[in-house]
Amino acid sequence: MASKMKARALKCKSGKKEQSDEEEEGEERLTVFDVVHGKFREAVVLQRLIVVARLRGDPSDREKVGVHHEKLMARLRKVHVQYLTTGLLLLYPSSLLHVIETSRDVLVPVVQDLVALQQRPDSFLSEDPRMVLLPQAYESRMFKQWSYKVLDPPQGGVGLDDDEVSTVHLFLSVLKSLENLGQLQDQTTAPLGAVLDANPKLLVNQALLNKMATRDELLTPRQYLDTYSSELSINMNFGQQTLGRRPPTTI
């Protein structure tokens with residue numbers, strides 16, 4: 001009798017151990033879905049970079065600009081498979097607006113690409129791009145994936161007529177339009193391009209972007225890289241501020 005009870009106890013312990021091993025294995029298992037959506041056990045701070053630049057050349061060449069960035073994003077996805085990169089590249093007749101939402105490890109090569117483009121004689125950039133870094137992005141992503149769209153004139157959208165408007169006001173106008181676009185996209189399953197076609201008033205006016213591209217308060221790509229490379233950054237320029245105290249967002 002005692003031997004039977006002992007056997008049952010051993011079997012019970014063995015069953016619990018197998019169940020515990022299965023639970024532990026389930027906790028450690030990482031699916032392709034997790035990889036694609038960046039849901040790793042180690043939290044990553046989500047950063048948002050907003051880039052404004054003037055374009056040179058014929059407006060018909062803007063498709064090449066979009067393809068260039070599409071290939072860049074594809075390469076970065078292969079190298080940094082653990083990070084989800086979302087955003088939007090809008091190509092106006094003479095300027096671009098690029099929003100990238102990802103980790104800092106992905107943002108750095110994006111900015112390095114801008115620096116390299118500036119050094120090429122056939123660059124599609126007419127001058128240094130200007131950018132705003134939100135080191136700790138707001139509560140959630142604006143966009144579901146990364147995409148680009150070539151815009152044909154005329155554009156509607158938000159514009160500011162006062163040439164003396166502050167840089168902060170310019171940026172907040174752009175950010176508000178992007179947030180409205182992102183919220184509208186969340187309410188539909190239509191592609192982002194179709195959402196823009198149906199709601200042209202959500203677009204930022206090109207004249208506003210051209211004003212932002214001339215503001216020295218905003219970071220240039222080289223300034224971004226110099227700041228990133230420094231061991232301790234105490235630079236409080238506008239382009240590095242979060243424009244409000246909000247908790248960091250993790251992927």
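A cavity is a set of points, on a 1 Å grid over the protein atoms alone, where a 1.4 Å probe fits but cannot get out, and its lining residues are those with an atom within 4 Å of a point. In the structure above, V51, H69, L96, H98, V110 and L114 line the largest cavity. Keep in mind that this is a predicted model, where local features need pLDDT of at least 70, side-chain atom pairs count only at pLDDT 80 or more, and totals for chains, interfaces and linings use all residues. Residues are numbered from 1 along each chain as its sequence is written, and side-chain values use heavy atoms, with hydrogens and water left out.

**The sheet as a whole**

- Let's start with the strands, which are DSSP runs of E with at least two residues, while helices are runs of H or I with at least four, all numbered from the N terminus.
- Five strands make an open sheet in the order β4-β1-β3-β2-β5, and the pairing is mixed (two strands pair if DSSP finds at least two bridges between them).
- Because β4 and β5 sit at the edges with a single partner strand each, one side of each has no neighbour in the sheet.
- On average, neighbouring strands of this sheet are turned by 10° against each other, with direction ignored (axes are lines fitted to C-alpha atoms, for helices over the stretch in contact, and angles run from 0 to 180 degrees between N-to-C directions).
- As background, strands of a sheet pair through backbone hydrogen bonds, either parallel or antiparallel.

**Who pairs with whom**

- Strand β1 (residues 47–54) and β4 are antiparallel partners, joined over five bridges.
- Within that pair, you'll find R48 opposite L134 in β4.
- β1 also runs antiparallel to β3, this time with eight bridges.
- Here R54 has S95 in β3 as its bridge partner.
- Strand β2 (residues 86–91) and strand β3 (residues 95–102) run antiparallel too, with six bridges between them.
- Look for L91 standing opposite L96 in β3; L96 is also one of the residues lining the largest cavity.

- Buried means under 20% relative accessible area, exposed means over 50%, and partly exposed is in between (1.4 Å probe, protein chains only).
- Strand β4 (residues 130–134) has five of its five residues buried, so the rest of the structure largely encloses this strand.
- Both faces of β4 are covered, with R130, V132 and L134 buried on one side and M131 and L133 buried on the other.
- S147 belongs to strand β5 (residues 146–150) and counts as buried at 18% relative accessibility.
- Skipping neighbours within four places in sequence, S147 touches G87, L88, L89 and L192 (contact means heavy atoms within 4.5 Å).

**The helices**

- Helix α3 (residues 62–79) lies across β2, β3 and β5, and runs at about 175° to β5.
- R104 is part of helix α4 (residues 104–118) and is partly exposed, with a relative accessible area of 43%.
- R104 and Y83 are 21 residues apart along the chain, and their C-alpha atoms are separated by 9.9 Å.

- The largest cavity holds about 50 Å³ of space, and β3 and α4 each supply at least two residues of its lining.
- Its lining has four nonpolar, two polar and no charged residues (Ala, Val, Leu, Ile, Met, Phe, Trp, Tyr, Cys and Pro count as nonpolar, Asp, Glu, Lys and Arg as charged, and the others, Gly among them, as polar).
- The second largest cavity has about 30 Å³ of space and is lined by M73, L76, R77, H80, Y83, T85 and V106.
- α3 gives the most to the lining of the second largest cavity, with three residues.

Conventions: On a 1 Å grid over the protein atoms alone, a cavity is a set of points where a 1.4 Å probe fits but cannot get out, and a pocket is an open set with protein on both sides within 12 Å along at least five of seven lines; lining residues have an atom within 4 Å of a point. Grid points are joined across faces, edges and corners, and a volume is the space filled by probe spheres set on the points.
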